[in-house]
Amino acid sequence: EKPIMKIWKDEPEIIVPPKGEDDIPLVQAVAIHPEPSAPPASTGGGGVGKHVHRGLNSVIDTSAYVGDHCHLGIGVQIGNNVRVGEHCHFHRDVIVESDATIGKHSHFHQNVRIGKNAIIGSHCHIQTGATIQPNAKVPDHTHVSMERSYP
């Protein structure tokens, strides 16, 4: 049976969802990267850490690095030279523009946009529809409200 998603770089394990009576998948497919595909972000290389879950149509630029144990929902876009810390969670349709840095354990609801060169601290919580402006610096443990722009 054919997997129903695009694969980035090294071949992750593809989990094809079970189908219902009408032959339509019951859930969206995910890709799980069991092992790192590149050196850690500290070396400046692009890649994906271990145990990264990727939703349908998620895109990671080859120069970006996504840390271990991250979750990227449907339609998430990670731009060039982006660095994402471990244990981050991106709901659907989150866009992270080029050269942004995301601290570990940060959480992004759907329809969030992170501007170019923005720095998001660790343990941040960004609500649905929020926009982080280019070059913004969001401190650790910050909560950005729904449909607001920061700063």
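**Close-up views**

R113 counts as partly exposed, at 36% relative accessibility, a class that lies between buried (under 20% relative accessible area) and exposed (over 50%), as computed with a 1.4 Å probe on protein chains only. The model shown is predicted, so local features need pLDDT of at least 70 and side-chain atom pairs count only at pLDDT 80 or more, whereas totals for chains, interfaces and linings use all residues. Residues are numbered from 1 along each chain as its sequence is written, and side-chain values use heavy atoms, with hydrogens and water left out.

**View A. Salt bridge between E97 and R113.** The side chains of E97 and R113 meet in a salt bridge at 2.8 Å, N to O. Because E97 lies in the loop between β11 (95-96) and β12 while R113 belongs to strand β14 (residues 113-114), the pair ties together parts that are 16 residues apart in sequence. A salt bridge here is a side-chain nitrogen of Lys or Arg within 4 Å of a carboxyl oxygen of Asp or Glu, and strands are DSSP runs (E, at least two residues) numbered from the N terminus, with helices (H or I) needing at least four. E97 is partly exposed, with 25% relative accessibility.

**View B. Salt bridge between D93 and R92.** The structure holds two salt bridges, and one of them joins the side chains of D93 and R92 at 3.4 Å, N to O. D93 is partly exposed at 32% relative accessibility, and R92 is likewise partly exposed, with a relative accessible area of 38%.

**View C. Open sheet of six strands.** The strands follow the order β3-β6-β9-β12-β15-β18 with parallel pairing. At the edges stand β3 (47-48) and β18 (137-138), each with a single partner strand, so one side of each has no neighbour in the sheet. Strand β12 (residues 101-102) runs parallel to β15 and is joined to β15 by two bridges, which meets the requirement of at least two DSSP bridges for a pair of strands; I102 stands opposite I120 in β15.

**View D. Surroundings of S122.** S122 is placed in the loop between β15 (119-120) and β16 (125-126), and with a relative accessible area of 14% S122 is buried. The side chain of S122 makes a polar contact with the side chain of H123 at 3.3 Å; such a contact is a pair of N or O atoms within 3.5 Å, where within protein one must be able to donate a hydrogen and the other to accept it, and where residues adjacent in sequence count only if both atoms are side-chain atoms. Leaving aside residues up to four places away in sequence, S122 touches G103, K104, S106, D140 and H141, where contact means heavy atoms within 4.5 Å.

**View E. R54 in strand β4.** R54 is found in β4 (residues 52-54) and is buried, at 2% relative accessibility. The side chain of R54 reaches the backbone oxygen of S58 at 2.5 Å.

**View F. Positive phi at H87 and H141.** Most residues other than glycine have a negative phi. H87, although not a glycine, has a positive phi of about 60°; H87 lies in the loop between β9 (83-84) and β10 (89-90) and is partly exposed, with a relative accessible area of 36%. Phi of H141 is near 60°, and H141 lies in the loop between β18 and β19 (143-144), where H141 is exposed with a relative accessible area of 60%.
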